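Visitor: I would like to learn how to read the features of a protein model. Please take me through them in turn.

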Amino acid sequence: MASKYKIGLFLNGLCLILCFCILVSFLKYKKEFETSTPLVIVDSGLSINYMQGKNIKVTNHTKTYSFSVTNNTEETIFYHISLENIQSNQEEITYDLKEKNNKLNITKNDFSKDNQYLANFIEIKASETHSYKLTIHEKNKLSLNAEMAIGIQESQEDYFANAILNNNEIKKTPQTKVGEQIATTNEGLIEAKDDHGISYYFRGNVDNNYVSFAGLTWRITKINGDGSIKLVLNDYINTTANFYNGEEEKAVEEKLNFTRANLNKSLEDWYQLKLKEYEKYLISHKYCVGDTIETETEDSKEYTSKNHLARDYAIEFICTSSSYSSRIGLLTAEEVALAGGSVNEKNTDYFLYTPGKETGWWTLTPSSSDNTNVFYFEVNNNGKLQKESLGSYFRGLKPVINLIKKTAVEGTGTSADPYRIKE
């Protein structure tokens, strides 16, 4: 009898626990459902259908939100996707943003608080519908509360991206094959995808991408997909640097860590000296290291960019390797190729060529490594991409920065009338 009584108590207790768990799950579902009510908003010709509502709430797990955008007008519209009223315990949030018909396919991108745009300058034609899935990934006990915002691209003509787009004809494809051929004529502003969405890059002997900023002359390389503007210094800084000294005891993996590289220290020092007081205009942006291994033997490794730039010519802005975020960095070898450079021949007729130099300048991109050394891409003093330069060599530095999206400018971008920031 006693044992039956104990079993009965145990079963009753188990039922109570199960009922409690079901109740908690139901209340949690009910609360989530109540805050995830579908919402349709019509704004300036766009119908935006938030399948789970506009509110983003993620706690300690990965979560996906679905939404669609329809153009109800008879004209092409540009719109943006962003988050507003962000509250989070993480400085960086990793997300995927994928469109059903592959118009956008952003994977594992870092979204930081000082950059609220998930994607920008998205083109939608008359009567067209774009369907999306936004996945926020769990990361170090992530807690995120925000509100999704989709709307017409801002019309302020003096915003930098708008000024560039208004001053240039947008082209879908370049005149010459990127990577395989050099670009020696002005091929203009070309549309492409990057980790943030739709971007636009300059290629060839461009004469209207000059920027005067911080008392220095820069060249625009691209409008990033988030609407920020990537600039590269027109000249070298006043020091040469290497990635690492000839320390054989350091592992190759450590030498590949750009944030610890000698030249990164040189860039940071130069930033403090020349750009620190202008920091309000600069965004901490993603830099792609390019350290994904393509082929490997016992004694050597070749990284993806070597084949992409020298064999396959599969060159794009999408980052498929490790990356880091900073307010200053270097161009990748892929970005040099997109601007008009090539491993196949010299080029003294594109905007990245810097005349009168005795040495080349470093890109961020590794080409290969052996058991003790890493070899990088550099741009020779004749404008050619060199694919096997030892990381301990001293070369010139052309810093890269990214201006915030809401930068108002004046000027036309020529050398005589460069773009200038309006206070």
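**Reading the links in the model**

Guide: Cys 288 is partly exposed, with a relative accessible area of 21%. Here buried means under 20% relative accessible area, exposed means over 50%, and partly exposed lies in between (1.4 Å probe, protein chains only). The model is predicted, so local features need pLDDT of at least 70 and side-chain atom pairs count only at pLDDT 80 or more, while totals for chains, interfaces and linings use all residues. Residues are numbered from 1 along each chain as its sequence is written, and side-chain values use heavy atoms, with hydrogens and water left out.

Visitor: Which residue does a disulfide join to Cys 288?

Guide: A disulfide is a pair of cysteine sulfur atoms within 2.5 Å. The partner of Cys 288 is Cys 319, with an S to S distance of 2.2 Å. The count by this rule is one disulfide. The angle about the S-S bond is 80°, and the link of Cys 288 and Cys 319 is right-handed.

Visitor: Where do Cys 288 and Cys 319 lie?

Guide: Helices (H or I, at least four residues) and strands (E, at least two) are DSSP runs, numbered from the N terminus. Cys 288 is in strand S17 (residues 285–288) and Cys 319 is in the loop between H5 and S20, so the pair ties together parts that are 31 residues apart in sequence. Cys 319 is buried, at a relative accessible area of 12%.

Visitor: In what order do the four strands of the open sheet stand?

Guide: Two strands pair if DSSP finds at least two bridges between them. The order is S3-S10-S5-S8, and the pairing is antiparallel. Strand S3 (55–59) and strand S8 (117–124) are at the edges with a single partner strand each, so one side of each has no neighbour in the sheet. From one strand to the next the twist averages 20°; axes for such angles are lines fitted to C-alpha atoms, for helices over the stretch in contact, and angles run from 0 to 180 degrees between N-to-C directions.

Visitor: How many bridges pair S3 and strand S10?

Guide: Five bridges pair S3 with strand S10 (residues 143–152), in the antiparallel sense. Within S10, Glu 147 stands opposite Asn 55.

Visitor: How many salt bridges does the structure hold?

Guide: A salt bridge is a side-chain nitrogen of Lys or Arg within 4 Å of a carboxyl oxygen of Asp or Glu. The structure holds 17 salt bridges. One of them involves Glu 147 again: its partner is Lys 54, and the closest N and O atoms are 3.5 Å apart. Lys 54 is in the loop between strand S2 (46–50) and S3, and Glu 147 is in strand S10, so the pair ties together parts that are 93 residues apart in sequence. Glu 147 has 25% relative accessibility and counts as partly exposed.

Visitor: Are Lys 222 and Asp 194 buried or exposed?

Guide: Lys 222 is buried, with a relative accessible area of 4%, and Asp 194 is buried, also at 4%. Their side chains meet in a salt bridge (2.8 Å, N to O). This pair links distant parts of the chain, with Lys 222 in strand S15 (residues 216–223) and Asp 194 in strand S12 (residues 186–194), 28 residues apart. Elsewhere, salt bridges link Glu 123, Lys 172 and Glu 191 in a network.

Visitor: How many aromatic pairs does a search of the whole structure find?

Guide: A pair of aromatic rings is described by the distance of the centres and the angle of the planes. Rings of Phe, Tyr and Trp (its six-membered ring) pair if their centres lie within 6.5 Å; planes under 30 degrees apart count as stacked, over 60 as edge-to-face and the rest as tilted. The search finds twelve aromatic pairs. Among them, Tyr 201 and Phe 317 are edge-to-face, 5.5 Å centre to centre with 70° between the planes. Tyr 201 is in strand S13 (residues 197–204) and Phe 317 in the loop between helix H5 (304–312) and strand S20 (323–326), 116 residues apart. Tyr 201 is buried, at 4% relative accessible area, and Phe 317 counts as buried at 12%.

Visitor: Over which ring does the charged end of Lys 357 sit?

Guide: A charge sits over a ring if NZ of Lys or CZ of Arg is within 6 Å of the ring centre and within 35 degrees of the ring normal. The charged end of Lys 357 is over the ring of Tyr 236, 4.8 Å from its centre.
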